[in-house]
Amino acid sequence: MTAHEAAATVPTPPATDPAHLRTARQLQHLTDRAEITDLLDRYLRSLDEGVFDEAWGRAFYTEDATAEMPLGTVRGRDTVVARIREGMALFDRTVHLGGNAVIEIDGDRATARGAQLSTHVLADGSEALFVSGGHADTALVWTPDGWRIAASALRVVWTEGTPPRLPAGMGPAHAARR
């Protein structure tokens, strides 16, 4: 008898068995944590790849997402994507690192708070570096397409180097009007 055949003969506990229910809840919790961690890691990596189109937005954000970032707070997935595209265009190359995320899950909602370190090479031809460190606070929801970001806030606590020069009309005061 193969291992697969032997496993098929093991009786399945009834769905009402407390140990079975506990194991099922733990497995779902671990699966959710892994999926959220993967989403957040893929998000940071995608910032360095520079493709901020509609498909990118759908892969990460809910339609009614809110994002609070150094360039201001914006609402709605299309506006969030446009603001990220505008902000990332200020840099020639970037590396975004995240870690130490504490993830809290409550059914189909979750929060994550993690550290973020972002290194940027300015796109103005100077090759100047701009580095920021802080915390990313994220609210997530379960959707038919999996976990998505419903709200995010990047709270920069320190910077080093040369910040980018913002074009006219870009910045926190202008973002709030959108």
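In this predicted model, strand 3 and strand 4 pair up in the antiparallel sense, and 13 bridges hold the pairing. One of the pairs puts phenylalanine 91 across from its bridge partner in strand 4, leucine 122. The hairpin of these two strands leaves 2 residues between them, and glycine 107 there takes a positive phi near 65°.

Strand 4 also has a partner in strand 5: the two run antiparallel and are joined by 13 bridges. Here valine 121 has leucine 129 of strand 5 as its bridge partner. This hairpin has 6 residues between its strands, and in the turn glycine 125 shows a positive phi of about 90°.

Next comes the nonpolar core. The largest one is made of 31 residues, and Tyr43, Leu47, Trp56, Tyr61, Ile84 and Leu140 have the most contacts inside it. Helix 2 gives the most, with 6 residues. As for leucine 140, once its neighbours within four places in sequence are set aside, its contacts include Ile36, Leu39, Ala110, Trp147 and Ile149.

Then there is the largest pocket, with a volume of about 850 Å³. Its lining counts 45 residues, and the closest to the centre are Leu47, His96, Gln116, Ser118 and Leu154. Sorted by class, the lining has 26 nonpolar, 13 polar and 6 charged residues. Helix 2, helix 4 and strand 1 are among the elements that supply at least two lining residues each, and so are strands 3, 4, 5 and 6.

Note on methods:
Residues are numbered from 1 along each chain as its sequence is written. This is a predicted model: local features need pLDDT of at least 70, side-chain atom pairs count only at pLDDT 80 or more; totals for chains, interfaces and linings use all residues. Side-chain values use heavy atoms; hydrogens and water are left out. A nonpolar core is a set of buried Ala, Val, Leu, Ile, Met, Phe, Trp, Tyr and Cys residues joined through side-chain atoms within 4.5 Å. Buried means under 20% relative accessible area, exposed over 50%, partly exposed in between (1.4 Å probe, protein chains only). Helices (H or I, at least four residues) and strands (E, at least two) are DSSP runs, numbered from the N terminus. Contact means heavy atoms within 4.5 Å. On a 1 Å grid over the protein atoms alone, a cavity is a set of points where a 1.4 Å probe fits but cannot get out, and a pocket is an open set with protein on both sides within 12 Å along at least five of seven lines; lining residues have an atom within 4 Å of a point. Grid points are joined across faces, edges and corners, and a volume is the space filled by probe spheres set on the points. Ala, Val, Leu, Ile, Met, Phe, Trp, Tyr, Cys and Pro count as nonpolar, Asp, Glu, Lys and Arg as charged, and the others, Gly among them, as polar. Two strands pair if DSSP finds at least two bridges between them.
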